[in-house]
Amino acid sequence: MKKLLFILLILLQQQLIAAEVNIYSARKEALIKPLLNQFTKETGIDVNIVTGKADTLLKRLEVEGKNTPADILLTVDVARLVRAKEKGLFQAIDSDVLEKIIPEYYRDSDSQWFGLSLRSRVIIYSPDRVNEEELSSYEDLADSKWKNRVCVRSSSNVYNQSLVAAMIAKQGVEKTEAWAKALVNNFARNPKGGDRDQIKAVAAGVCDVALVNNYYLAGMLESSQKSEIAAANKIKLFWPNQNRSGAHMNVSGAGILKPAKHKKEAIQLLEYLVSDKAQQWYADTNHEYSINANIESSSILKSWGKFKADNLNLSLLGKYNTDAVFLMDRAGWR
Ligand code: FE
């Protein structure tokens, strides 16, 4: 009897040791690691993370096929989550927790991917050169009054592709293409750099308005570099389309891969990431909005006030991604 108990204990211990979950992440490790460490502390499940560019990870998953060690793909922008689904990389997950906490328009209708945090693409402007009353919508940035005054990053950037895809979903290709052509005509310079560079360009007077994801502005306000804080303090945030369907929203999110060898642990981790504690961390540290409306935003986000968020079903951003890419190319948006 004693011997049997001993063997059972050994088996149990081995199972505990084997408890792990493997993530391929397109998010920088620093933006997620503290949460994963906390998860390990609470559950005893080890988390291994491989980081890389989203498209590289998607390729790698396709090449590895069913031999992939990865259980979860974590990435930003819904267009990539939809792409992973279309490539048949994800499996459907049955989780009451995820379905209860995440609003329907921020997750896949087939339960293959789930939004974990929210961000908005907003207009930023120079209060020295722009009157707030002059601003209204994304659509209005195509007006000739913004000639040579708009900065925006390249059309190869997925955030812009998703914004254009959202417009296609609402008003069709033709109208969106006319808008994109007029917008390109208003560019102050050829698209270059990331979102932070657009903020710096407005601060430096290269242009008067720009499109950026709002957590970049928050990050710069809290930066360790004085020059970033100075630039961020020179510009202001404007919530676009408040008299229309609301500011453009997107998610960071994840799905569980078809060949996942640790499906149970993977579900447990996704459920942990939507818990109040994890969501509060996203809000406080990354300056993203929680997918749970009950979680309080960071003080910087709060300082920008309440706003109307577009509740367009995010799957549409993936659906129209290819159309958006071709449209931007035709419009001369490089
Ligand atoms: Fe980003």
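These legends describe close-up views of a predicted model.

**View 1. The iron ion is held by three tyrosine side chains, Y159, Y215 and Y216.** The protein donors are the OH atoms of Y159, Y215 and Y216, and they lie 2.0 to 2.1 Å from the iron ion.

**View 2. Helix α8, spanning residues 214-221, is mostly covered.** Of the 8 residues in helix α8, 7 are buried, and these are N214, Y215, Y216, L217, A218, G219 and M220.

**View 3. Helices α3 and α4 run roughly parallel to each other.** The axes of helix α3 (residues 54-64) and helix α4 (residues 78-86) come within 11 Å and cross at roughly 10°; angles under 35 degrees count as roughly parallel, and therefore the two helices are described in that way. In the contact, A54, D55 and L58 of α3 meet R80, R83 and A84 of α4. Sorted by class, the residues of this contact are 3 nonpolar and 3 charged, with no polar residue.

**View 4. F39 and Y272 form a tilted aromatic pair.** The structure holds 8 aromatic pairs, and one of them joins F39 and Y272, whose rings are 5.5 Å apart from centre to centre with 55° between the planes. This pair links distant parts of the chain, since F39 belongs to helix α2 (residues 33-43) and Y272 to helix α10 (residues 263-273), 233 residues apart. F39 counts as buried because its relative accessibility is 1%, and Y272 likewise counts as buried because its relative accessibility is 9%.

**View 5. W179 and W333 form a tilted aromatic pair that belongs to a cluster of rings.** The ring centres of W179 and W333 are 6.4 Å apart, and the angle between their planes is 55°. Here too the pair links distant parts of the chain, with W179 in helix α6 and W333 in the segment after α14 (321-330), 154 residues apart. Because W179 has a relative accessibility of 5%, this residue counts as buried, and W333, at 1% relative accessibility, counts as buried as well. Ring pairs join W179 and W333 with F187 into a cluster.

**View 6. D77 and S111 are loop residues with a positive phi.** Most residues other than glycine have a negative phi. In D77, however, which is not a glycine, phi is positive and near 75°, and this residue is placed in the loop between β3 (72-76) and α4. With a relative accessible area of 0%, D77 is buried. S111 is not a glycine either, yet it has a positive phi of about 60°, and its place is in the loop between α5 (96-101) and β4 (114-125). S111 counts as buried because its relative accessibility is 11%, and the cut-off for buried is under 20% relative accessible area.

Technical notes: Residues numbered from 1 in each chain as written. Predicted model: local features only at pLDDT ≥ 70, side-chain atom pairs only at ≥ 80, totals over all residues. Heavy atoms only, no water. Axes fitted to C-alpha atoms, helices over the stretch in contact; angles between N-to-C directions. Helix = DSSP H or I, 4+ residues; strand = E, 2+ residues; numbered from the N terminus. Parallel < 35°, antiparallel > 145°, perpendicular 65-115°, else oblique. Contact = heavy atoms within 4.5 Å. Nonpolar A, V, L, I, M, F, W, Y, C, P; charged D, E, K, R; others polar. Buried < 20%, exposed > 50% of the residue type's maximum accessible area, 1.4 Å probe, protein only. Donors = N, O, S within 2.8 Å, 3.2 Å for Na, K, Ca; no water. Phe/Tyr/Trp six-rings, centres within 6.5 Å; stacked < 30°, edge-to-face > 60°.
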